[in-house]
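Hello,

My notes come after it.

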Amino acid sequence: MTIQRSTKDMPMLTTTEHASRRTARRLSLLVALAVTALPLAAQAQRKSPLADAPAVRKRYELRQTRFELGVGGASTVNQDFYHTFFVGVKAGFHFTDWLSLSAFGDFAVANVSTGFQGSITDALGDNPPIDREPTPGEAKAGMQKITNILGAQLEFTPFTGKYSMFGKLFASYDFYGLLGAAMISVKPTDEALPDCGDAKNLSIFSCKVSGMKPGANVGLGFHSYFTNYLALNVEFRDVIAKLNPSGRDVDGVGGANNADLTWTHTLLVSANLQFFFPTVPGVSF
Amino acid sequence: MKRPAICLFITVAIVGWAAIGHAKKGGGGKAADAGEAKPADDGAADTKASEPKADAAGSETGGEAVEPEPGKVEEEIGAEPKAQKATTTLTWKDIVVLPRKAFLKGNRLELAPFSGVTVNDNLIRHYVFGVDLNYFLTDALWVGVQGQYYVKQTLPEYQLLGLQYNRLSSANKYLYGGSLNFGYVPVYGKFAWINRRIVQWEIWASAGFGVTMTEVMARDPANDSKAFKNTALTPNVGIGSRFFLADWLTVNFALRDYIIPDKYEPNPNTYANADQAKANADSKLVNNLIFYVGVGIYFPMKFTYKTPG
């Protein structure tokens, strides 16, 4: 006896129509699975698109690969005997948004006596009782004036942003630290003084400290941008060089010479108007 | 044909569901386009650019103080006359330019210990330790009291005067002081730390008055017993900055000028005791410029934003 099996159980006996239906079913299921699984898999792998994003996007690159050039003024701060006022120039190139190399030159236009200098000269008499005590004129003769300061510096700019003043005026700014080298040129009030030699001469109470003195240059600064190509640049720097502001004995051995040069801090505040080139900045991604 | 049709229906349903879900998750697509329309560097552009970012990365920018519905914002920014006829009366001028302030100070108390150093005295350096207690009437205006305690250090120039000029300088040391101060915040800003983190800060200006206790440093140690103290009325002006680190914490920097009408040791021949010395003292106005650094701790330690209804 022959048992008739269902056509379902007999694939070898299926017709062409059956085969195409089955293929269609399988294809549909495959498409459904793929369409469902792929977004889920993608979603599982996806992290926030902002995870590695910069804090600010689409911003003007006010520094990166731009030159800056400007002029302005400067003043010493907290000097012993003379406040010095300068006109200055500064030029620089920004390699990146945060690193630049600049050079500056400040040239003295005025040396103004400090109150401290006046207190000393007022207290001195014209007939000193001992040799070491100067007359007012002798005291002033050795006091040091700054003629110019030249320097180069690397600038690191970690802070960049915007601020509002009274909620109305808005400006971009950056804030940086600077480190470099400088040459500070000085001369005494009376250039007729004898030069400071290396030998100690106990009869020379005041000598001529002059010329370029090399030193370090450290400080802080900021740009506040009026436009995309013009900024106010303020710097506060300390030029550390071997000087002798009084031109007199410092080490207590007696007499004045080169051994009395000591590492001295000359603090300066400068303000420049800086132009940036190219004048049209790029835009970050 | 029924089964493929059902499969196709299910497929379309699943794809449709996934697509809708993805669209919801992405959100604000059009707002993001608006942000890309112009670089984020002027006031108006900042609003456009920071708005979508505030939505997407709220932890970085903090969002807006005024937060209209995104759809409405788009309408107003569009500046189309048609958009002005929307149901809201807001215009683009109503949109605050800066992101929502990270820190509110109104009706809060600031306890701010600080330490500092005098920066303009060539002969004597004073280290100062003190505390400010400020109450903020508004977010920009405060009234406060300050106390200072000084520790002196003589500088080399003080010693060199004798060696170089055969003279000794008149000098006073500061002991302590107190003042009542008023402050105002005209400048508010933000910066990006290497373009990775946004920090908000402000610049303030302040003025006040108080007293400073000073003491004469006798030129001749033999006259130490005749040294006198002076309580001087001391107006002050200052400028400073706060950096907002947490809801209750700031780091503060300041430069304050204490203007002291001080009295100095007179000619030793004119007095026999401290009272006589004080009566014959030379008076001089001194600018005691102090740079100080401190922290501000705010009470209550939390605050809530108030958005327009």
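This is a predicted model: local features need pLDDT of at least 70, side-chain atom pairs count only at pLDDT 80 or more; totals for chains, interfaces and linings use all residues.

Cores. The largest nonpolar core has 19 residues. The members that touch the most others are A:I146, A:I149, A:I184, A:V186, A:C207, A:V209 and A:V239. In chain A, at least two residues of this core come from each of β5 (144-165), β6 (169-188) and β8 (230-243). There is also a second, separate core of 11 residues, with B:Y150, B:Y174, B:I260 and B:I290 among them. Going back to A:V209, its contacts beyond four places in sequence are A:Q144, A:V186, A:P188, A:C196, A:L243, A:N244 and A:G247.

Cis bonds. Most peptide bonds are trans. In chain A, the bond from A:F277 to A:P278 is cis, with omega near -5 degrees. A:P278 sits in the loop between β9 (262-277) and β10 (282-283) of chain A. In chain B, B:F299 and B:P300 are joined by a cis peptide bond with omega of about -5 degrees; B:P300 belongs to the segment after β8 (282-299) of chain B.

Positive phi. Most residues other than glycine have a negative phi. A:N78, not a glycine, has a positive phi of about 65 degrees, and lies in the loop between β2 (66-77) and β3 (82-94) of chain A. A:N78 counts as partly exposed because it has 15 C-beta neighbours inside 10 Å. B:N166 is likewise not a glycine and has a positive phi of about 55 degrees; its place is the loop between α7 (156-165) and β4 (171-193) of chain B. With 16 other C-beta atoms within 10 Å, B:N166 is partly exposed.

Regards

Key
Residues are numbered from 1 along each chain as its sequence is written. Chains are lettered from A and ligands numbered from 1 in the order in which they are written. A nonpolar core is a set of buried Ala, Val, Leu, Ile, Met, Phe, Trp, Tyr and Cys residues joined through C-beta atoms within 7 Å. A residue is buried if 20 or more other C-beta atoms lie within 10 Å of its own, exposed if 12 or fewer, and partly exposed in between; C-beta atoms are placed from the backbone. Helices (H or I, at least four residues) and strands (E, at least two) are DSSP runs, numbered from the N terminus. Two residues are in contact if their C-beta atoms, placed from the backbone, lie within 7 Å.
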